[in-house]
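Please look over the sequence and the model shown here before reading the report that goes with them.

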Amino acid sequence: MSGDDDLLDVLPRLGQISTALGRGRLVQEATEATGLNLDRPAMTILMTLATTEAPMRIGEIADRMQVVGPHVTRQVQALEQRGLVQRVADPNDKRVSLIEPTPTGAEAARAYTATIFGWFREVIADWPTQDRTDLTRLLNKLVDDITARLT
């Protein structure tokens, strides 16, 4: 049962991280760094698009965000009207539109990421290299396993 006891110790800590990040000013500061007035869902879509190698379908964005397609469609339309994303034809199916960030949208995502990254870099600046490596490896594994389990 030792493994279960360890897990019971971790779960409240995950909640603390979520609460601290959600209530803290980090997301607000990162959004302000973009120079745009975007709500969290819009920023999440922009970040999702900016961190992929290729344009995405609405359904793919929704899957990554674990929300329903119509919600993403509304947000994408608003982002499109602001010139932050654009539709491009799917080379494999001309009937389908793919979504990608515009240069302005990509720059906003870079500014947002730089703020978040800088903050996290400061938090773990004094950690030994191995601890930082372990954190990256284990968080990636945790996210991959959670995502796979939920889909």
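Predicted model: local features only at pLDDT ≥ 70, side-chain atom pairs only at ≥ 80, totals over all residues.

Residues are numbered from 1 along each chain as its sequence is written, and side-chain values use heavy atoms, with hydrogens and water left out.

**Overall fold**

The protein contains seven helices and two strands, where helices (H or I, at least four residues) and strands (E, at least two) are DSSP runs numbered from the N terminus. Read from the N terminus on, the elements follow the order α-α-α-α-α-β-β-α-α, and the C-alpha trace spans about 55 × 35 × 25 Å along its principal axes. Of the 151 residues, 26% are buried; buried means under 20% relative accessible area, exposed over 50%, and partly exposed in between, with a 1.4 Å probe and protein chains only. Among contacts (heavy atoms within 4.5 Å) between residues at least 6 apart in sequence, 50% join residues at least 24 apart.

**Helix H6 and its packing**

Helix H6 has 21 residues and reaches 30 Å from its first C-alpha to its last, close to the 30 Å expected at 1.5 Å a residue, the expected span being 1.5 Å times one less than the number of residues. Its buried residues are Gly 105, Ala 106, Ala 108, Ala 109, Ala 111, Tyr 112, Ile 116 and Gly 118, and what covers them includes helix H2 (26-33), H3 and strand S2 (93-101).

Helix H3 (residues 40-50) packs against helix H6 (residues 103-123) at an angle of about 100°, with the axes 9 Å apart; axes here are lines fitted to C-alpha atoms, for helices over the stretch in contact, and angles run from 0 to 180 degrees between N-to-C directions. H3 and H6 are therefore roughly perpendicular to each other, a term for angles of 65 to 115 degrees, with under 35 counted as roughly parallel, over 145 as roughly antiparallel and the rest as oblique. In this contact, Met 43, Leu 46, Met 47 and Ala 50 of H3 meet Gly 105, Ala 108, Ala 109, Tyr 112 and Thr 113 of H6.

**The aromatic pair**

One aromatic pair is found in a search of the whole structure. The ring centres of Trp 119 and Phe 120 lie 4.9 Å apart and the ring planes stand at 90°, so the pair is edge-to-face. Rings of Phe, Tyr and Trp (its six-membered ring) pair if their centres lie within 6.5 Å, and planes under 30 degrees apart count as stacked, over 60 as edge-to-face and the rest as tilted.

**Single residues**

The table lists the accessibility of selected residues.

| Residue | Relative accessibility | Class |
|---|---|---|
| Thr 31 | 11% | buried |
| Trp 119 | 35% | partly exposed |
| Thr 113 | 36% | partly exposed |
| Phe 120 | 38% | partly exposed |
| Gln 66 | 45% | partly exposed |

Thr 31 lies in helix H2 and, not counting residues up to four places away in sequence, touches Leu 36, Leu 38, Met 43 and Tyr 112. Thr 113 lies in helix H6, and its C-alpha atom is separated by 9.4 Å from that of Ala 33, 80 residues apart along the chain. Gln 66 is found in the loop between helix H4 (58-65) and helix H5 (69-81), and its phi is near 60°, a positive value in a residue other than glycine. Most residues other than glycine have a negative phi.
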